[in-house]
Amino acid sequence: MEKQSQHQQGKWIWMDEKPAVRQFGRHQLVYFRRSFELSAAEAEMSQLHIRVSADSRYRLYLNGASVAIGPCKGDAATHYYEEVDLSAYLRAGSNVLAAKVLHYSPFGLDVDGYGGPASIWRSQWGAFLLDGAVQDGTGNLIESLHTDERWVCLADRAITFVPSFMETLYVGGMERVNGGDTVPGWQDCLDGSANNQPFDWRPARIVSAVADPTYGHLTPWRLAPRPIPALYETSAYFKSVTRLEGAESGFTFYQNPEDAVLQALEVPAGAKVVVELDAGELTTGYPVLELLGGRDSQIKLLYAECYESGKPEAINRRVKGKRDDASGILVGEYDCYKVGGFGNGEIYEPFWFRTFRYIRLEIATADEPLRLCSFSYRETGYPLDIKASFKSSDETLTPLWEISARTLQRCMHETYEDCPYYEQLQYTMDTRLQALFTYVLSADDRLARKAIYDFHSSRLPDGMLQSRYPSVSPQVIPGFSLYWVMMVHDHYLHYGDEALVRAYLSTVDGVLQWFDSRIDSLGLVGKMPEGYWPFVDWVEEWRERAGVPAAHEAGAMTVYNFMYATALGLAAELNESVGRVSTGAEYRARADAICQAANQRCWSKDRKIYQDGPGLEQYSQHCQIWAVLCGAVEGEEARRILDVVMTDGALSKVSYAMAFFQFRALAKAGMYDRSFGLWDTWRELAALNLTTWVEDPVSQRSDCHAWGAVPLYEFTTEILGVQSGGPGYSRIRIAPTPGPLKSAEGAVAIPQGVVLVSWQRTADDRFELSCEVPAGTEAEIRLPSGDLFMIPEGKHQFSCELTERQQ
């Protein structure tokens with residue numbers, strides 16, 4: 001028998017050989033199928049391993065089962081493919097490989113969201129690629145399944161995408177579906193039902209080879225293997241019904257008593273029914289409607305994060321209260337489905353996942369009764385394996401940990417995301433924090449490595465990085481490029497990967513050179529160029545300037561200079577770690593020069609703190625915090641300035657995300673005991689019965705922003721005290737900060753395993769610490785008394801007396 005070649009065999013296929021000229025914002029959904037036969041003997045011994053990709057998104061089925069979804073988000077230079085083992089799905093007799101591929105409008109993104117998701121790159125061509133063949137146990141070819149003209153395809157005519165009205169850029173519009181034009185059974189045509197429908201299945205056309213082996217002409221799809229695991233999909237159910245309207249119509253309503261899932265709903269002809277359901281927490285998933293009868297009924301599915309006290313006048317000026325209070329109204333994007341009324345029933349789910357805690361179903365039947373057989377959803381997200389844990393004597397901290405972990409998970413899919421409802425875009429500031437939270441929670445760096453590569457790939461000719469990427473809508477926030485430099489350093493500290501550092505040093509150099517080129521006559525990084533967004537933080541005083549300090553109008557911003565100095569210091573360490581000592585010295589000299597210029601030009605002699613800009617009577621917590629972090633001020637003076645930060649209510653206050661750096665500054669200055677009062681902000685949010693953290697204290701837009709999951713990092717690295725004492729945890733440092741707590745215990749993930757820590761204050765004013773460090777590691781233990789110990793792997797116990805101040 002013929003052996004299967006290991007080279008790429010499939011061709012890129014579509015309905016047409018050339019890209020069709022389409023109206024702006026019109027996406028194209030195409031179905032593909034390939035049938036093949038296997039004998040009983042072949043099915044028992046067969047193997048099927050495939051590589052699959054598409055432009056722009058696909059879902060792949062084998063014999064009716066969903067087996068893959070992708071491709072992973074890339075860009076014009078990196079188009080990912082998935083590798084999947086489908087052997088377990090093969091069967092004797094007829095088999096069907098099927099895919100639905102959605103090509104988003106190639107004309108870019110407009111403000112109405114017509115142009116498709118901002119985070120999904122696409123070319124002017126729609127295309128589908130599958131490489132694989134059924135083989136026997138010794139590699140002999142049974143059936144070649146590579147995409148070519150033996151595949152058949154059909155253009156969808158049931159789904160229309162409509163523009164967003166809530167600034168949701170993630171799907172390029174919601175779905176309006178005519179169920180009567182859908183294709184029943186197309187994923188698994190074992191009974192031939194799809195062939196009996198009046199649909200024009202026709203041979204696919206080859207649009208491109210995978211590569212040009214002779215002249216090196218590049219295709220629009222430069223293939224690379226998926227660098228992260230597949231997203232999970234798990235069946236889930238609604239926890240309760242929060243509202244029922246239309247009982248006078250005489251329908252019957254059933255609930256599963258265990259989980260309150262909407263199990264069956266009988267709606268008579270000519271009736272209108274409203275059902276609002278609560279998933280119990282904010283989640284991401286694919287809603288699934290299973291229907292029977294009810295031809296021409298209209299069903300509207302509205303997705304909301306919470307109830308509100310009225311329809312907002314503006315999307316960033318919302319009025320929200322307790323998130324489990326169902327007395328208000330649900331505001332959100334919605335899909336509409338017109339029921340086809342097929343005799344064997346029908347199922348509707350949107351092509352892309354939705355974000356919601358609550359869903360409102362509005363059902364209006366026509367001339368036939370409708371049975372809603374079930375309504376559930378498949379939760380989806382990045383398969384984060386949480387290994388860390390935390391609990392303490394202060395029970396009010398427990399929900400902060402739980403909410404933080406959930407928020408992080410909801411903002412992890414094929415990239416880190418700022419928010420899953422509105423944008424699903426990977427922003428650098430958000431991503432740096434999310435990656436750090438992931439490191440301590442699971443030690444999984446795969447999504448972080450992809451993020452570092454993504455932003456590196458966004459580099460502009462002048463060295464600046466885009467602030468959100470992948471994205472078909474370019475945007476630059478200059479300060480965010482500095483967070484990327486910090487992100488590379490974070491990874492080195494946690495994983496010690498010198499090869500990764502070397503791969504990105506040229507990009508680090510480019511970012512820092514961009515800032516150096518903008519040094520003004522005062523010795524400071526001057527005003528940011530027009531067309532860039534010099535965002536710093538969502539602060540009430542800066543609301544009307546979209547998070548930009550007023551100081552920017554006059555020229556240099558102090559906070560950007562201190563952030564630049566911080567990045568220079570960390571870049572110096574990266575360069576020195578791989579032997580570029582002279583470059584490290586140059587960066588340290590640059591950082592010193594920036595700090596000296598800021599100390600001379602941005603220091604208020606009257607208030608004895610830093611101004612937001614040279615000579616301006618504008619002040620914020622941000623400048624003081626970053627002054628400490630970059631080393632512009634140290635020792636007692638740093639502690640005095642941070643005392644002002646903690647007590648002066650006139651300073652512009654940091655948001656939930658920027659508070660991360662406030663914690664870092666307090667830790668660096670030896671003042672972490674002062675941080676425990678800051679948790680009141682998160683306690684107040686938890687009192688609103690949020691299940692994920694909100695975006696910022698200024699707007700009430702997103703209810704899920706993972707940059708606020710700060711407790712994950714603080715509880716593990718400061719309260720439990722587990723930190724990296726050298727690149728890749730070559731030495732573990734354990735130095736708990738007990739503050740007012742009486743006890744704490746938990747686990748912290750590191751690349752070598754899990755570090756266990758438990759400590760308590762005893763009745764006789766002693767501090768007792770127990771810890772266990774993984775095999776092959778050593779740890780430095782520092783007790784609150786200052787006592788220092790070096791320990792090998794294994795379990796250890798320590799004790800010390802507490803001073804009167806520590807008590």
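Colleague: Is aspartate 148 buried or exposed?
Modeller: This is a predicted model: local features need pLDDT of at least 70, side-chain atom pairs count only at pLDDT 80 or more, and totals for chains, interfaces and linings use all residues. Residues are numbered from 1 along each chain as its sequence is written, and side-chain values use heavy atoms, with hydrogens and water left out. Buried means under 20% relative accessible area, exposed over 50%, and partly exposed in between (1.4 Å probe, protein chains only). Aspartate 148 has 18% relative accessibility, so it counts as buried.

Colleague: Which residue forms a salt bridge with aspartate 148?
Modeller: A salt bridge here is a side-chain nitrogen of Lys or Arg within 4 Å of a carboxyl oxygen of Asp or Glu. For aspartate 148, the closest N and O atoms of the pair are 2.9 Å apart.

Colleague: How many salt bridges does the structure hold?
Modeller: Side chains of opposite charge can pair when their charged atoms come close. Some bridges join into a network, as with Arg57, Glu82, Arg226 and Glu414. The count for the structure is 48.

Colleague: How many residues apart in sequence are the parts that arginine 323 and aspartate 703 tie together?
Modeller: Their side chains meet in a salt bridge, 2.9 Å from N to O. Arginine 323 lies in the loop between β22 (307-308) and β23 (329-330), and aspartate 703 in the loop between α12 (679-686) and α13 (711-719). Helices (H or I, at least four residues) and strands (E, at least two) are DSSP runs, numbered from the N terminus. The pair therefore ties together parts whose separation in residues is 380.

Colleague: Which strand holds glutamate 801?
Modeller: Glutamate 801 meets arginine 766 in a salt bridge of 3.7 Å, N to O. Arginine 766 sits in β33 (residues 766-773), and the two residues are 35 apart. Glutamate 801 is exposed at 58%, while arginine 766 is partly exposed at 25%. The strand of glutamate 801 is β36.

Colleague: Which residues does arginine 664 contact, leaving aside its neighbours within four places in sequence?
Modeller: Arginine 664 is in helix α11 (residues 659-668). It is buried, with a relative accessible area of 14%. Contact means heavy atoms within 4.5 Å. The list is Leu629, Tyr672, Tyr713, Glu714, Thr717 and Glu718.

Colleague: How many residues of α13 are buried?
Modeller: The buried residues of α13 include Tyr713, Glu714, Thr717 and Glu718. The helix is largely enclosed by the rest of the structure, because its buried residues number nine of the nine.

Colleague: Which strands stand at the edges of the six-stranded open sheet?
Modeller: The order is β5-β4-β7-β2-β10-β13, with antiparallel pairing. Two strands pair if DSSP finds at least two bridges between them. Each edge strand has a single partner, so one side of each is left without a neighbour in the sheet. The edges are β5 and β13.

Colleague: Which residue in the turn between β4 and β5 has a positive phi?
Modeller: β4 (residues 57-62) and β5 (residues 65-70) pair in the antiparallel sense over five bridges. They form a hairpin with two residues between them. The phi is about 55°, and the residue is asparagine 63.
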